[in-house]
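Please look through this model with the points below at hand. They go from the ligand to the chain contacts and then to some local details.

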Amino acid sequence: MQNYVDKTAPYTALVVIGGGPAGMAAAVAAYDDGVRDMVILERDLNAGGILRQCIHNGFGLHRFGEELTGPEYADRYHKMVVERGIAIKTGATVLDVTPSDEEGVAAYVTAISEAEGMFTLRAGAVVLAMGCRERSKGALNIAGTRPAGIYSAGTAQRFVNMEGYMPGRKVVILGSGDIGLIMARRMTLEGAEVKAVCELMPYSGGLARNITQCLDDFGIPLMLSHTVTQIHGKERLTGVTVSKVDEKRRPIPGSEIYFECDTLLLSVGLIPENELTRGANIGMDGITGGATVDQYRQTSLKGVFACGNVLHVHDLVDYVSEEAALAGSSAAAHLRGELTEGRTITLKTDGKVRYTVPQAVTVTENTADVTVYFRPSDIYRDVTVTVREGGVDGNVISKKKRIKVAPGEMETITIKAADLNATTADTLLVSIEESAKKGGNA
Amino acid sequence: MAITTKNLTCIVCPRGCTLTVTLNSDLENPVVSVEGQGCKRGVDYATAECTHPTRVLTTTAPTVDGGVVPCKTDRAIPRELLFEAMKAVNTLSAPAVVRIGDVLLENLLGTGANIVATANRG
Ligand SMILES: Cc1cc2nc3c(=O)[nH]c(=O)nc-3n(C[C@H](O)[C@H](O)[C@H](O)COP(=O)(O)OP(=O)(O)OC[C@H]3O[C@@H](n4cnc5c(N)ncnc54)[C@H](O)[C@@H]3O)c2cc1C
């Protein structure tokens, strides 16, 4: 691994990596908190990130109180960036982030662009906002040939929505995450026949509203506990075999159904894009695929913050903007020397809570209430979400009842500043506790 | 009197509340009550959904230079008109340079809704 330490490189107080909604919201918040010397580095030729291809609506109800499409939401933030005169370099790909031992410099950020070639910035603070990418089909073990006609759902989304090109006419979709559901509707509206959406799990990973408006509206079947077990066709895909799976997700012999199709869309999940983060030896969370952070969204490398899909996959851009604003304000506080060291409390999870963000809380005399975001591992009904001091028998310092929690929808629980200051525990356990009467995992 | 209940997923926002609607088929407006909504919009949605479902259409319109521009209906249209609306939008020839909010088609299929651009282009 090459290191790009350059102590003569120009200093920039804040370098934001990625010009999607997270990067833009972080930059705006930092500006509003007084930072002027900053730049956003964006690999693409336009700012906006993944939202540019998400032409459906449903963005921004929370943040702007109106229902916007992806490009409209991105434009709102782009306008705020432009109004403030924040520098944004497009076509600039960051290649490396190297920790610094210089006082007041968090890291050396090296990028390449057509206009400037390769350049390094000595960054007082860095916000990581690189987003995520789709899991590739190589990661899937499906038997059969590899003909043309197999795409990730996001690639198909870019073809249809940005290039006006339909990848096929008869479609099967594997994976019921939101991108898969949105593409089922999109391709149907454009005249394709979407035969089925197959989901390996017994529940959908997508939002309930998308099952209603993208599948039910068009009579597209959602086949839960089903997966594609065979791909057919030589040059072009001619069909797929779909099988039911048992509780251990193994295909059940004899349950095979053949679907004739020319297109298979894979919507099998997103992974945070963290090559740069790993390259900087920043501490990672094996479950989220992102950095571990405290409530300021500060990583293990002082002065380096992370937010948006690069930290953990969000389904709602409103939460991305909220988290990014927090990261941007924290970067500003760091630059003013106000993010002081404190006592670290680690957040642990039971198996039912799959992960939390933040993964740790830094307690100082200025600590405010902390909102913990988390995802459940499964669907649980009639539960109490608790935060306990120490372990399972510890004192409960926060709790909240929920009728239903599901992996597809991010949850939150707040821990009061007073409780954080009062506790002597060095770990807190976040868990989902089922009530005594059998709720069941329907 | 025919009283029934029905569960709907509200699609107004990503929260996706589960709504329980009580219907009386003898009434002109069959919706007797709605429960489970996180906000007032849920009641309006349930009422519309049980009488005349509507949807906002989001799609792309062809441009004169052979590309596409993202667009939407500026208000919800009857759900059964979605495919006809798609036909109308796909025969458009939008300018190469458009700004968010530009009207690309007025009064789509007599619904009173306009097709407006949702992205800047050119
Ligand atoms: C298909 C789909 C549908 C969705 N639907 C909804 C919805 O209906 N409602 C909703 O609220 N949310 C929805 N979301 C979620 C929301 O869009 C995302 O959570 C949000 O866009 C994430 O923002 P981000 O800035 O973290 O990442 P991104 O938008 O991915 O932006 C990351 C940016 O970083 C840049 N970048 C990456 N690496 C580098 C590098 N090395 N150097 C320079 N730049 C780099 C990328 O080019 C990109 O522009 C959807 C997401 C997808 C993918």
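The numbered points below describe a predicted model.

1. Conventions. This is a predicted model in which local features need pLDDT of at least 70 and side-chain atom pairs count only at pLDDT 80 or more, while totals for chains, interfaces and linings use all residues. Residues are numbered from 1 along each chain as its sequence is written, chains are lettered from A and ligands numbered from 1 in the order in which they are written, and side-chain values use heavy atoms, with hydrogens and water left out.

2. Elements around the ligand. Helices (H or I, at least four residues) and strands (E, at least two) are DSSP runs, numbered from the N terminus.

3. Polar atoms at the ligand. Which residue has a side-chain N or O atom 2.6 Å from an oxygen atom of the ligand? That residue is Glu42(A). Polar backbone atoms also lie by ligand oxygen atoms: one of Asn309(A) at 2.8 Å and one of His314(A) at 3.4 Å. The protein covers 94% of the 1000 Å² of accessible area that the ligand has on its own, by the Shrake-Rupley method with a 1.4 Å probe.

4. Size of the interface. Contact (heavy atoms within 4.5 Å) links 29 residues of chain A with 28 residues of chain B. The area buried between the two chains is about 2300 Å², with 57% of it from carbon and sulfur atoms. Buried area is the accessible area (1.4 Å probe) that two parts lose on being put together, summed over both. In chain A, Leu61(A), Leu189(A) and Arg209(A) lose the most area to chain B, together 23% of what that side buries.

5. Bonds across the interface. How many salt bridges are there between chain A and chain B? The count is three, a salt bridge being a side-chain nitrogen of Lys or Arg within 4 Å of a carboxyl oxygen of Asp or Glu. Glu72(A) forms a salt bridge with Lys72(B), the closest N and O atoms being 3.1 Å apart. On the side of chain A that touches chain B, α6(A) gives the most, with four residues.

6. A link within chain A. Over all chains the count is 27 salt bridges. Glu260(A) forms a salt bridge with Lys170(A), with 3.2 Å between the closest N and O atoms. This pair links distant parts of the chain, 90 residues apart: Glu260(A) is in strand β17 (residues 257-260) and Lys170(A) in strand β12 (residues 170-174).

7. Backbone details. Most residues other than glycine have a negative phi, and most peptide bonds are trans. Ser225(A) is not a glycine but has a positive phi of about 55 degrees; Ser225(A) lies in the loop between β14 (222-224) and β15 (226-232). A cis peptide bond, with omega about 0 degrees, joins Val357(A) and Pro358(A).

Key:
Polar contact = N/O pair within 3.5 Å; in protein donor to acceptor, adjacent residues only side chain to side chain.
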